[in-house]
Amino acid sequence: MTVKIFDRPDTQAFLKELSGLNSDSGSPRVKALIHRIVSDLFRTIDEMNVTPDEYWTAVAWLNDIGAAGQAGLISPGLGFDHFIDERLDAIDDALGIDNPTPRTIEGPLYVAGAPESVSFARLDDGTDADGHTLIMHGTVHGSDGKPLPGAKVEVWHCDTRGFYSHFDPTGKQAPFNMRRSIIADENGRYKFQSILPSGYGVPPGSPTEALLSALGRHGQRPAHIHFFVSADDHRKLTTQINIEGDPLINDDFAYATREGLVPSVIECTDEASIHGNNLNGPFA
Ligand code: MBD
Ligand code: FE
């Protein structure tokens with residue numbers, strides 16, 4: 001037997017009441033959003049005949065997600081972060097704003113307060129025995145195409161096991177390992193030495209993994225490096241690069257891969273090409 005009560009006048013009146021629309025105090029924006037969201041969920045329960053067991057399973061899952069601190073992890077997994085970026089892109093398009101370096105999602109693993117240095121930083125502390133040295137350098141440009149001396153490049157990534165400092169389940173990483181802020185030099189250039197990160201996987205046995213597997217999906221990300229780029233009088237860019245060749249580049253559970261964010265990686269096997277190009281250390 002199916003019954004539908006959503007469209008009944010008393011249900012609609014109830015929705016208004018619970019959303020505070022009968023109250024003179026509170027936030028009009030919160031009221032409007034809650035009215036819409038709860039209405040959509042009531043309609044879902046009604047139309048999909050959600051059982052009490054299903055409903056309480058969802059409530060328990062929300063408690064698990066919160067207890068695990070994984071609201072920010074399932075959010076990109078359900079595509080919200082990507083969707084919000086697509087909306088920002090569409091707004092920029094409508095305003096005629098061109099973004100030479102595409103934005104992509106921040107993810108839940110940034111930590112403020114990383115050590116800051118000028119022009120060059122070594123990100124890793126050398127303790128990851130499997131680390132393959134990575135050098136990256138570039139120039140920060142403003143929207144006018146001119147270099148931006150003094151721009152701040154914040155970089156963070158995981159180790160060869162896919163673990164980020166401050167979130168390492170083995171507790172084995174020093175604070176701010178593989179997290180730095182680099183201030184671009186007088187030519188807007190920055191450079192860093194680190195190790196190639198590996199891909200990331202959501203914690204095994206976690207409520208995030210449980211939902212993804214109920215969806216028939218995995219919780220893996222390709223190897224990537226995160227960036228915030230900021231400068232006075234400029235809006236902040238949040239982006240990432242992927243490491244070329246990773247098989248998951250177009251199968252990211254967080255949907256962060258974007259054209260233009262997969263730079264080529266050049267393997268240097270001889271000391272001469274590394275040091276001859278002054279790749280391994282600050283700019284000459
Ligand atoms: C990550 O490292 C990440 O960048 C995102 C978006 C989600 C989970 C883990
Ligand atoms: Fe990440």
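I started from the UniProt record, an unreviewed entry, which places the feature "domain: Intradiol ring-cleavage dioxygenases" at residues 136-164; such annotations may be inferred rather than shown by experiment. This is a predicted model, where local features need pLDDT of at least 70, side-chain atom pairs count only at pLDDT 80 or more, and totals for chains, interfaces and linings use all residues. Residues are numbered from 1 along each chain as written, and ligands are numbered from 1 in the order written.

I checked residues 136-164: the chain there is 0% helix and 31% strand (DSSP runs; helices H or I of at least four residues, strands E of at least two). The end C-alpha atoms lie 19 Å apart.

I then looked up helix 1 (residues 9-18) and helix 2 (residues 28-47). Their axes, lines fitted to C-alpha atoms over the stretch in contact, come within 9 Å and cross at roughly 140 degrees, on a scale from 0 to 180 degrees between N-to-C directions. I noted the contact residues (C-beta atoms, placed from the backbone, within 7 Å): Leu15, Lys16 and Leu18 of helix 1 meet His35, Val38, Ser39 and Phe42 of helix 2.

Last, I listed the residues around ligand 1 (C-beta atom, placed from the backbone, within 6 Å), including Tyr200 and Arg221.

Conventions. Contact = placed C-beta atoms within 7 Å.
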